[in-house]
Amino acid sequence: MAIDDRKASNTFDYFRNVLQMSGVEVEWYGNAVNKWRKGEAYATILKDCIGNSDAKGMQKAKTHNFHSPFHEIEVELYRIMVDHRSKGCRVLTQFLQTHARRIYDSFLNSDNSRWSKTSFKALYGWLRCFMTRKNIKFRCKTCSKQHTPQEQVLDFEKFLFYLRFNALKPNEEEEHNQGIDPLWGRFPLPECRYNMDQIPLPFVVNQDSTFALGDEENVHITCPSEALKKRQFAMHVVVNAGRGEKKFGWVDLVAKGTGKQIRAAETELCDQDVTFFWQANAWVDKTVMLELAEKFVTHKFEVHGLDTWIILFCDNLRAHVDDDVKRMFGDAKVFLCYFPLNMTNVLQPIDAGIGRSLRTFIGHQLDVWLMSDDNLALWEATMTAPERRILMSKFVGEAMRMLMADKNDSVRVRSFERTGYLITLLAHKEFDDKIKPQGIK
């Protein structure tokens, strides 16, 4: 029997053995074997040699189990996944691909003569086949439902009308000012348009889904404490619609407590791009908002100057509509533009993609951190409050830097475009066609 050595060494070993047991001589050339495997002859041989009444089912099972040239890697990877899932830990694509590469590297170092001629990159195509062979499925712990605000079309159109013909329209004094942009109105160019919002942040971020074994009935993911799945911090996010050197954005963390007993060592270990503010319930009240407003005003003076008006979009949080807060922004020539009631999900740029991307980046940082055995042991043990604050500040700071990277400009700017906040004073088809809020047709 003439067999291609390269194929016989990996893919078709099993089928060769079946043929030899049955006494069948076959010449294997190119795709001919694939066509033969689908025929009745193959099913008959399996039935006769293996004794399985369900020959077609055995044909499919054997194809999945023996088709991979990296069978030993998959056996070890499956063992690691079983051990990880037995602890209730989350398993996703990055975990499987990273550990598969590590296993391959260890095999390469231990038996270089055998593995040096192979190349294994653990790409997604291989991963998909591995999951099929091992009956690995993606399972969700919980699910959420989508709200469609189609009934709010009229209110949305009224708000856009207000922006174009009221908020952006210069007054009589400003009309004589040559600095007013005829296209953009009172707030020249996209970099003068900001959005701020608060996002609740638990310590356990995006740990509700995992790859699970096929026979798992109850899907469990380990967690240091159920209480840490609830809000532990509030992220105060500020971004603008600028690009390149004119883009600005930052995130502050509001933590529970007073902050009076925080040691200098903890402050030094926290991410330097993240500022902590303190409140009893980790939320933004008037006192915290005045501090946040002061930080924003300082940024406005440094970047846009004293005389330039900018617009800041925000919701109707009690702290946002406080008279002292509005006075502080107004004195600094920051125009506060409030969303209509009950339309935050339609009009908030941060809710239109920025906040979700930020939480996704934070969850990614946590997944990478948990891939270390030492970190996993620390995660399962009891972490102190300072340790949690330091860790979360690093995750949040790195996530914000990823969001503000040049490659993610489209995510941020598109969130402003689709919600209508890059609307112009004069009707402009290029910008008007981009207004497509989620849920409104």
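Visitor: On what basis are residues and features reported here?

Guide: Residues are numbered from 1 along each chain as its sequence is written, and side-chain values use heavy atoms, with hydrogens and water left out. Because the model is predicted, local features need pLDDT of at least 70 and side-chain atom pairs count only at pLDDT 80 or more, whereas totals for chains, interfaces and linings use all residues.

Visitor: At what angle do helix α13 and helix α14 pack?

Guide: Axes are lines fitted to C-alpha atoms, for helices over the stretch in contact, and angles run from 0 to 180 degrees between N-to-C directions. Helix α13 (residues 286-304) and helix α14 (residues 323-331) pack at about 5°, with axes 10 Å apart. Angles under 35 degrees count as roughly parallel, over 145 as roughly antiparallel, 65 to 115 as roughly perpendicular and the rest as oblique. α13 and α14 are therefore roughly parallel to each other.

Visitor: How do α16 and α18 pack?

Guide: Helix α16 (residues 350-370) packs with helix α18 (residues 385-403) at about 125°, their axes 9 Å apart, which means that α16 is oblique to α18. Contact means heavy atoms within 4.5 Å; residues that meet include Phe361 and Trp369 in α16 and Phe395 and Met402 in α18.

Visitor: Which residues of helix α19 are buried?

Guide: Buried means under 20% relative accessible area, with a 1.4 Å probe and protein chains only. In helix α19 (residues 409-418), the buried residues are Asp409, Arg412, Val413, Ser415, Phe416 and Glu417. Their cover includes β2 (193-202), β4 (231-240) and α16. Just after α19, Gly420 takes a positive phi of about 95°.

How values were computed:
Helices (H or I, at least four residues) and strands (E, at least two) are DSSP runs, numbered from the N terminus. Buried means under 20% relative accessible area, exposed over 50%, partly exposed in between (1.4 Å probe, protein chains only).
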